[in-house]
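Let's work through a few exercises together, one step at a time. Keep the viewer open and try each task before you read its solution.

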Amino acid sequence: VIFAAAGPIWNPQTGVGGSNAPLVILLDDGWSAAASWDTRIKAADELIANADNDRRGVALVPLSEPARDITLMPAGTARVALRQIAPKPHSIDRVDTLGALDRFLKATGDAEIAWLSDGVDTGRGAEFVENLAKTIGERKLTVFEGGAAPAQALVAAENAAAKMTVKVLRTTGGVAAGVVRAIDAKGSPIGEARYAFGMQDRESEAAFDLPVELRNDISRLEISGERSAGAVQLLDKRWRRRAVGVVTGATSDTAQPLLASTFYLTRALSPFADIRLGDRGAAQQVI
């Protein structure tokens, strides 16, 4: 889900400035920021350039590193440090960084804060926004949340009887479409499935209508063109659909199927396997 944060949306044309206060850049750097990482780095670089023009110091705060010391540095040094930050392949907990930020602001005094948000709440988002407001007090906060493609993620892959399906999630509205690719253990493509979002949809589905033998070879599903850990789902033997043969020596009672010796067994196995019922002829012959 998306959470709203107090403060205006940052505009690269106007920037954050107007005082000699140092600039603090809060940078979302979890998996949900990876797809638009180049855009975020460019935005942060422009913020640093504006601070450099005003001869202000800069502090970079990657929100995935709560134990990292927050230090003030010249703009040139901040640019180098910015290029060394990379998105993490997991969710981040922004709340953990508030303690270090509070200590830094108390020691520094006046400061301007720019938050390059990815717009995704992976947990405790409302708590972070509330406590961030308390931490910064009367200091200026500018939130950059637009201007980049929203993050998408894959969840809930299911290898059902007729096809394999996977859900595609996103954070914002608007008409959109894409492709999910299926890849085997050797990296060779097995198939592609399209998905589409309606104007208000936050969830869509991609379906692979392939023979079960091909579906069982899929080891990786990925959203084409989406560079993030959330856009990939890895599959192992748990997602393989087995073929199960059920053979009984008893005569099949078709007039009363509930009394057939295989009825409840096949019903229990059907969601997880393709059932091949051998109910005609002698058991040895059927096998």
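**Exercise 1.** What does phenylalanine 263 count as, buried, partly exposed or exposed?

Solution. Before you start, note that this is a predicted model.
- Step 1: Recall the cut-offs: buried means under 20% relative accessible area, and exposed means over 50%.
- Step 2: Phenylalanine 263 has a relative accessibility of 22%, so this residue counts as partly exposed.
- Step 3: Now try tyrosine 264, which is exposed because its relative accessible area is 53%.

**Exercise 2.** How many aromatic pairs are there? Describe two of them.

Solution.
- Step 1: The count comes to 3 aromatic pairs.
- Step 2: One of them joins tryptophan 115 and phenylalanine 128, with 5.2 Å centre to centre and 75 degrees between the planes, an edge-to-face arrangement.
- Step 3: Locate the partners. Tryptophan 115 belongs to strand β3 (residues 112-116) and phenylalanine 128 to helix α4 (residues 125-136), so their pair ties together parts that are 13 residues apart in sequence. Both tryptophan 115 and phenylalanine 128 are buried.
- Step 4: Phenylalanine 263 and tyrosine 264 also form an edge-to-face pair, at 4.9 Å centre to centre and 90 degrees between the planes.

**Exercise 3.** Where does aspartate 29 lie, and which residues does aspartate 29 touch?

Solution.
- Step 1: Find the loop between β1 (23-27) and α1; aspartate 29 lies there.
- Step 2: Check the accessibility. Aspartate 29 counts as buried because its relative accessibility is 0%.
- Step 3: Look around it. Leaving out residues up to four places away in sequence, aspartate 29 touches several residues, among them Trp37, Pro62, Leu63, Ile85 and Lys88.
- Step 4: The side chain of aspartate 29 also reaches the backbone nitrogen of leucine 63, at 3.5 Å.

**Exercise 4.** Which residues line the largest cavity?

Solution.
- Step 1: Counting cavities of 30 Å³ or more gives 1 cavity. The volume of the largest cavity is about 40 Å³.
- Step 2: Its lining is made up of Gly30, Trp31, Ser32, His90, Ser91, Ile92, Arg94, Asp118, Val120 and Thr122.
- Step 3: Sort this lining by class: 3 residues are nonpolar, 5 polar and 2 charged.

**Exercise 5.** What is the phi of arginine 55, and what is the phi of alanine 156?

Solution.
- Step 1: Arginine 55 is not a glycine, yet its phi is positive, about 55 degrees. Alanine 156 has a positive phi too, near 55 degrees.
- Step 2: Arginine 55 sits in the loop between α1 (37-53) and β2 (58-62), whereas alanine 156 is in strand β5 (residues 152-159).
- Step 3: Arginine 55 is exposed at 80% relative accessible area, while alanine 156 is partly exposed at 46% relative accessibility.

Conventions
Residues numbered from 1 in each chain as written. Predicted model: local features only at pLDDT ≥ 70, side-chain atom pairs only at ≥ 80, totals over all residues. Heavy atoms only, no water. 1 Å grid on protein atoms, 1.4 Å probe; cavity = no way out; pocket = protein on both sides within 12 Å on 5 of 7 lines; lining within 4 Å. Points joined across faces, edges and corners; volume = space filled by probe spheres on them. Nonpolar A, V, L, I, M, F, W, Y, C, P; charged D, E, K, R; others polar. Helix = DSSP H or I, 4+ residues; strand = E, 2+ residues; numbered from the N terminus. Buried < 20%, exposed > 50% of the residue type's maximum accessible area, 1.4 Å probe, protein only. Polar contact = N/O pair within 3.5 Å; in protein donor to acceptor, adjacent residues only side chain to side chain. Contact = heavy atoms within 4.5 Å. Phe/Tyr/Trp six-rings, centres within 6.5 Å; stacked < 30°, edge-to-face > 60°.
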